[in-house]
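Have a look at the model first, then read on.

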Amino acid sequence: MRSTFSNRVGQGLESLLTLGAASLLVVSLSKLGLLMPLVQAEYGLRFRLRGQRPWADQVVLIAIDEPSLAELGAFPWPRRRYAELMQHLQAAPPQVIVFDLLFSEPSPDDDEFAEAIAAHPAVLLASAWDRSGQPLGPTPTLAAASLASGHILQRHQGGYIHSVEPRVGRQPALAIAAAEALSLTQQAVPLPPLDRPLWVNWPGPTNALPTYSFADVLTGRVPPGVFEGKVVLIGATALGLDDWVTPFDRDPPASGVYLHGALIDNLLHQRWLKPVTGGWAGAIALGLGLSLGLQRRSPRQQGGLVVGLIAAWGAVALGLLGVNLWLPVVGPGLLLGTVGGLGMGQHWLRQTRWLQQVTAGLQRRHRPEVLLPWPTSSPVRGAAPATSELPEVDDRASSLSQLLDLTQQLGRSQAIQAAIARSLPLGLVAAAADGTVWFANPLATEWLGLTAGDNLATALPADWFEAETWGQLWELVCRGEIVPRQRRQRQASAQPPIPGDSLNRQRWYELRLESLATSASTPAEWPRGAIVLIEDITYRQHIETELRRLNDSLEAQVQERTRQLLQLNRSLQEQIAERQQAQHQLAYEALHDPLTGLPNRRQFLSHLGEQFGRPEPELYAVLFLDCDRFKLINDSFGHWVGDELLKRVATIVQECVRPTDVVARFGGDEFTILLTTLDQVGDAIAVAQRIRQRFSEALHIQAHQLFTNTSIGIVMGDARYQHPDELLRDADTAMYQAKVNNQGYALFEPGMHLNVRRSLQIETALRLALERQEFQLHYQPIINLETQQLMGCEALLRWLHPDRGLLFPDDFIAIAESTGLMAAIGGWVLREACTQMQRWRRRSLIAADAVVSVNLSALQFGQPDFLVQIDHILADSGLPAANLKLEITETVVIQNPEQVVPMIQNLRDRGIRLSIDDFGTGYSSLGYLQQLPVDILKIDRSFIANIHRSPQQYGIVETIIRLAAHLNIQVIAEGIEQFPQLESLTQLGCEFGQGFFFARPLSISQFSQYLRSRSEEEGSW
């Protein structure tokens, strides 16, 4: 076994050396640039195999082509030409105009051109660098008139342009600048990471991009309407001005302006190429596996495996290109080919060395028999001595001939032995002492799947022997000792069936091990090993097993029959008792809830139906209860805690009613109560208030402190109702009204049906609002009250309803939370707010340390993957964690402190700021406040409204500010609308504030203009 382990270690080291040599070769060729022609050829071929894609219909090109040069003169032109072009485009203005031309030298026409640029809100100019590294940007006049500029730096990459730098210094690429301009004007265009190269995904040939001649547009031969709402690129396409080849355009070549068009297309469609991470690691792993896999295969199999792996790698790379992922092919393919070639060469050398060793062994073993006897006399030197010395050179040809004859005889003998071994009804395997198989007849190959050269220990089924046990057996038999026969079982569904064999899927084998050392006189050079004889004894084993089974079965049947006779009478009596008990149990389960033990829906309807049959009707009421936030608790703590909560709710409700009243679990987290013999309507309302009062206290379940409550709908029974279902319908309607009236209970009124219908309409529209992009974010600035500087803004949700217009959160948030839609809406708000804040930061419209505040709902904060969502949103938007502030209410904290406090700490560890919103309106538990790792308290607007007139409110706010200062927490006052309110807050030392006094919530464009106005007043950030 040690020999086998050594062989495996040697094979592994050999594979590692092969892989290392191949890797060194590929790296050397790559560093020397010798792979570049292959890389460029494969780059173009891969795009052509993928096929062309349509260009973005939003991008058009105005080309400085040969007809334009012929009509307007040699290039470069006076800049008044471009001013005239801009005036023509004003008739139907594009979204963005992008010049792929350098205007670095001053010109007399600059003022006219700058005036034309300033007339359009989004014009981008090109910038570059000369050979000495000096910047070549637009002239100051043109730069001041344009929106921005972007670099057109194109580093030489040996042919095709594979990628560009998204940002060089503070200068973005021209396509990146165009995308940012689109985000600020019309639509939000997500940007790729700017700290790594942007890989070009060529859509197709350049003639597929809508292109119009500069002269045709200038002379009016092209209607301006074709450019309205488009991204217009203006650049040179004439041969000799800016020639570059693309995978689809080599002869004639394309122009550099098409590179920027392709990048803008990629950004609009979000289909720029993303390099596959781990591609080279995968290639190295495949190379190591290939090196190991080649060691036991024929040359044909080796060649097929190498070619197949290289082809599969190329096919995977081509498939990944279809989903905008880039996987290198030439380097990994050369690595796999080199590993395969070296492995095949090593295999050939090992075979040659083995044949040489076999020949030498035959010569040593059979040399005495093939030597010719010496003659009795010698013509030259006399009689030769009768010794066993080797013959002279002259006699070696004869000796070799004798050796060849003996080898042929040995071969015939081995052929006869192999034929006998093949005809045996047994599996025969001959193996060396180290386990290497010399010979295996067809039955052994069929049963064990091994061939010559395999290792016997690894070829045997894993469940037959433990490695240590087999090693001991094999060592004993190779020394010539006798070992007992071994019986083993194996799953063998693929084996041919034996007639009458009911255990066909299980095969039994008997193994006999015999040593090749048949006697003590065996020569030392005789190969050490053993023979394994394998016999299929399935049929014999089956017969023995069947006989034993029949014998045991007969004995068991006699004993069982005796026991049956003794137990028959007792069994009949037990069955009768069990059936009676089962009938009682079924009757109970049919009318009761198995979890809480309360009456179920069926029994409740029966009790309610009895009220309709009374000859003298009495005043009664039906209460419909629904547990608030039950789904959130169930999802957060598990179904076991949810079940325990339902049991506790059932107990509390029963304690709040009389013994004559009926409490039932109607289904899920819904309960119903039948209150009988009431004196007045107020009695039913008092029961609802009593229930809600009990649920205002914390519930302790399995070391969890939970807060929940119920929404209760009340309906009074009277002559209007003819069926119990009508009462339950109206009670359910009143319950839904109770969810939104802030009282927690509601007495049914006929008009509630209309409110429910309106709520259902809003719920239906909410489910479609995200898909239809009807939600908007407005932003309200947050001001430092002492310095009047802008410290950030709060993102506020608005819904542009197609029929009802702009809706505020109070109109739909409660419905969104009750239906579970708030998680998806909250995720959208968080992503949009982070993305927009990062856009303002990139455009330097807002301070780098400004913070955007986002409100979180309890449902959103309780999601198990909330932290993962936050990490993905920050990574996708590029917004630093320190620029995000999350706002939660006191109620969220108090309801579930054990889960909320660690969550807040995890957010703080990421650098995200936390704020308690509407402080003072909830539980306001000081005990929890000192434990919470929050940064900011936001004082509710109800305390600010009369702070300048009410000493009580002034004192409350003063207490909150002092408490926050003691806990090292900042304070924001919301709802500041008048100057006296601002004065009072400044006197109390409040740090920050927001409200209509500073600005109302503004749309994105309005807030951007607000930021520009502040920037002009206060100076650039």
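## Two helices at an angle

Helix α19 (residues 630-637) and helix α20 (residues 639-655) pack at about 140 degrees, their axes 6 Å apart. Helices here are DSSP runs of H or I with at least four residues, numbered from the N terminus. Axes are lines fitted to C-alpha atoms over the stretch in contact, and angles run from 0 to 180 degrees between N-to-C directions. That makes α19 and α20 oblique to each other (under 35 degrees is roughly parallel, over 145 roughly antiparallel, 65 to 115 roughly perpendicular, and the rest oblique).

On the α19 side the contact (heavy atoms within 4.5 Å) uses F630, I633, N634 and F637, and on the α20 side H639, V641, G642, L645 and L646. Sorted by class, that's six nonpolar, three polar and no charged residues. Here Ala, Val, Leu, Ile, Met, Phe, Trp, Tyr, Cys and Pro count as nonpolar, Asp, Glu, Lys and Arg as charged, and the others, Gly among them, as polar.

## Where the model comes from

This is a predicted model, with local features needing pLDDT of at least 70 and side-chain atom pairs pLDDT 80 or more, while totals for chains, interfaces and linings use all residues. Residues are numbered from 1 along each chain as its sequence is written, and side-chain values use heavy atoms, leaving out hydrogens and water.

Now for α27 (residues 866-877) and α29 (residues 897-909): their axes come within 11 Å and cross at roughly 20 degrees, so the two helices are roughly parallel. F866, L867 and I870 of α27 meet M903, N906 and L907 of α29. This contact has five nonpolar residues, one polar and no charged.

Helix α11 (residues 299-322) has 24 residues and spans 35 Å from first C-alpha to last, close to the expected 34 Å (1.5 Å times one less than the number of residues). Its buried residues include W313, A317 and L321 (buried is under 20% relative accessible area, exposed over 50%, partly exposed in between, with a 1.4 Å probe and protein chains only). Just after α11, N324 takes a positive phi of about 65 degrees.

R46 sits in helix α2 (residues 36-50) and counts as buried at 3% relative accessibility. Beyond its neighbours within four places in sequence, R46 touches A317, L318, L321, W326, L327, P328 and V329.

## A buried glutamate

E180 lies in helix α7 (residues 174-185) and, at 8% relative accessibility, is buried too. Setting aside neighbours within four places in sequence, E180 contacts R167, P172, L191, R842 and R843.
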